Amino acid sequence: MSVSTRPMYFKSGRQSLFGWLHQPDESRRSDLGIVVCKPFGYEAICAHGSIRAFADACAGTGATVLRFDYTGTGDSSGSDTDTNAVDQWCDDIRAAMDALRRTGVTRFGLFGIRFGALLAGIVANADPSVQHLIAVAPVVSGRRYLRELRAFQATASLESASNADAGDLQGELEITGFHLSKASVERLGRIDLPRLQLTVPNALILDREDLPGAKAWSDDLIKRGTQVQYQALPGFLEMVATPHAAQVPRVMVNAAAEYLSAAPQQLSPPSHHAAPAEERAASMQLMTADGARLLERALFVDETRTLFAITTEIDPSLPRARTARRHGVVMLNGGATSHIGPNRMYVELARRWAARGYFVLRLDLAGLGDSATRPGQSGNEVYPPGALDDVSAAINFLRREFGVEHVTLAGLCAGAYHALRSAISGLHVNTVLLVNPLTFYWKQGSKLSDVQDAEVLAIPGIYAEKVLSFKSWRKVISGRINLWRVLMIFLRRAMMTAGSTVRDMSRLLKIKLPQDLGWELQSLAERGVRVVFLFARGDVGRDLLRVQGGSAVRSIGDRCRVHVIDGADHIFSQGAARKELLTLLTSELPP
């Protein structure tokens with residue numbers, strides 16, 4: 001069954017929430033609506049593609065499906081506050097159900113993944129219209145989940161575990177850049193699904209095969225009269241792996257589709273319900289903390305509706321908008337994350353910059369985020385072959401539709417690479433803001449698992465520190481370390497260092513060599529393009545710039561600026577370092 005999708009906004013109290021409506025053919029549409037309740041934080045970032053796949057599979061059975069972002073997450077309005085996010089997000093799920101009702105849905109299923117399953121259980125417990133509960137690797141106990149989050153944060157933090165826990169002494173949590181307020185933590189710690197005495201007619205529990213934890217809850221639901229299907233299936237770890245390595249858990253997706261296909265559904269008559277204006281227009285107004293009124297729109301920048309983006313600008317109805325500067329910023333995917341950026345950083349930047357008068361477009365390259373995958377491509381490619389064409393389409397869209405004249409490209413990691421390559425290729429770009437690039441030259445057909453230049457620069461230093469370690473030599477002897485790979489890396493490191501000297505001399509002699517980053521940076525400066533690098537201290541991209549850019553970086557002067565930020569990891573998941581990054585990026589925008 002074919003499934004159509006469209007972006008939409010809907011209200012949850014004073015907030016505007018962003019979502020995607022997945023609908024089957026009108027002739028096959030049933031009376032069942034499914035609300036997809038996302039996991040929290042980094043798991044939601046990693047599982048983005050899987051969430052899309054689950055939604056499509058459910059819609060393929062005849063149900064109308066809505067996946068959406070909670071308040072203060074994704075593309076919805078709001079931000080981290082001191083409010084109780086748990087109760088707010090439950091209200092958001094109810095608002096999503098109301099939005100589905102306006103499409104003609106009369107019965108509901110809630111589809112929760114991880115933390116989203118916990119929220120779905122709370123909502124289902126109080127709403128008899130929920131006929132189905134589908135839970136994927138559900139969080140059953142809020143208290144245990146908090147322990148898991150604290151352990152993860154202690155492991156991932158650049159600081160010691162004791163310092164990481166110190167931030168939690170005040171009752172708050174920040175995990176990989178995502179915040180839970182004290183009120184949220186306290187509320188979450190009191191939730192235990194078995195104690196809710198939940199009664200729902202039907203449930204499908206897809207537990208994780210590697211570490212099942214929901215069998216007892218399943219048994220408890222059966223005792224209360226719920227018709228439960230319980231399966232422990234593979235695929236969870238692959239679903240929440242790092243974004244570029246995440247894989248759709250096809251076994252789980254198929255199990256969910258089979259469950260709904262077997263569930264009784266009645267064909268729904270053609271819907272004559274008119275959607276509210278904010279849903280039809282796929283746009284929303286929002287207010288920033290300092291009182292600026294903005295307009296965000298969900299749209300496609302190309303005629304084939306392949307490339308999805310969200311634009312943010314000063315509300316065009318305001319007098320100030322008529323005199324706003326026509327400076328545009330295109331933000332490019334940070335690795336394989338969607339257009340919200342790592343830890344939702346791009347959303348915060350876009351709204352901050354729009355309030356200052358910039359027109360900001362957050363783009364998903366083809367195969368990433370919510371953009372379609374082009375025929376012949378695998379999808380979820382960090383360095384897709386058509387990236388330059390995608391960036392060009394976005395720039396042309398800004399200039400054609402909104403009159404943008406001055407264009408800035410910005411991105412983190414792979415987004416920085418694509419921004420720089422776009423400028424070097426001659427696209428109409430005035431400024432590039434590059435955060436922690438890990439390569440300046442990518443060979444199509446390469447894999448991220450291949451030896452990369454960043455690894456060549458990083459590993460020799462790591463092994464030099466461990467050369468006297470008995471444990472390290474034991475790993476070499478046992479074969480757990482690929483000695484040949486290490487030797488090749490050391491050889492390439494020596495060649496890169498020698499090559500840097502050769503390129504410096506060649507530039508003095510006006511001889512252009514292949515893959516000479518210094519020459520390319522000088523050419524950009526001569527064209528009047530400003531290049532700004534921002535690195536976390538210790539990030540290997542800074543060493544890569546020094547080796548491949550050579551003396552040219554210093555000779556260019558103010559047209560090639562380099563900032564270094566202390567206390568940051570690659571994606572700036574620590575609050576203080578991220579705040580400094582956002583301030584620096586804002587200061588480097590053209591006036």
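**Entry 1: the largest cavity**

By class, I noted nine nonpolar residues, one polar and no charged; here Ala, Val, Leu, Ile, Met, Phe, Trp, Tyr, Cys and Pro count as nonpolar, Asp, Glu, Lys and Arg as charged, and the others, Gly among them, as polar. The space inside comes to about 50 Å³, and the structure holds three cavities of 30 Å³ or more.

My terms: a cavity is a set of points on a 1 Å grid over the protein atoms alone where a 1.4 Å probe fits but cannot get out, and lining residues have an atom within 4 Å of a point. Grid points are joined across faces, edges and corners, and the volume is the space filled by probe spheres set on the points. Helices (H or I, at least four residues) and strands (E, at least two) are DSSP runs, numbered from the N terminus.

A note on the source: this is a predicted model, where local features need pLDDT of at least 70, side-chain atom pairs count only at pLDDT 80 or more, and totals for chains, interfaces and linings use all residues. Residues are numbered from 1 along each chain as its sequence is written, and side-chain values use heavy atoms, with hydrogens and water left out.

**Entry 2: helix α15**

Next I checked α15 (residues 414-424): ten of its eleven residues are buried, so the helix is largely enclosed by the rest of the structure. Buried means under 20% relative accessible area (1.4 Å probe, protein chains only). Among the buried residues are Tyr-417, His-418 and Arg-421. Their cover includes β14 (327-332), α14 (387-402), β16, β17 and α19 (517-526). Just after α15, I saw that Gly-426 takes a positive phi of about 105°.

**Entry 3: the nine-stranded sheet**

I traced an open sheet of nine strands with mixed pairing, in the order β11-β12-β13-β15-β14-β16-β17-β18-β19. At the edges stand β11 (283-287) and β19 (560-565), each with a single partner strand, so one side of each has no neighbour in the sheet. Direction ignored, neighbouring strands here are turned by 20° against each other on average. Helix α20 (residues 540-549) packs on this sheet, touching β18 (530-536) and β19, and its direction makes about 135° with that of β18. Contact means heavy atoms within 4.5 Å; axes are lines fitted to C-alpha atoms, for helices over the stretch in contact, and angles run from 0 to 180 degrees between N-to-C directions. Helix α22 (residues 575-587) lies across β17, β18 and β19, at about 165° to β19.

I also followed one pair: β12 (residues 293-300) and β13 (residues 308-314) run antiparallel and are joined by seven bridges. Two strands pair if DSSP finds at least two bridges between them. Leu-295 stands opposite Glu-313 in β13.

**Entry 4: strand β2**

Nine of the ten residues of β2 (residues 15-24) are buried. With β1 (residues 3-12), β2 pairs in the antiparallel sense over ten bridges, and Tyr-9 stands opposite Phe-18. The two strands form a hairpin with two residues between them, and Gly-13 in the turn has a positive phi of about 65°. I found β2 antiparallel to β4 (residues 64-68) as well, over four bridges.

Key
On a 1 Å grid over the protein atoms alone, a cavity is a set of points where a 1.4 Å probe fits but cannot get out, and a pocket is an open set with protein on both sides within 12 Å along at least five of seven lines; lining residues have an atom within 4 Å of a point. Buried means under 20% relative accessible area, exposed over 50%, partly exposed in between (1.4 Å probe, protein chains only).
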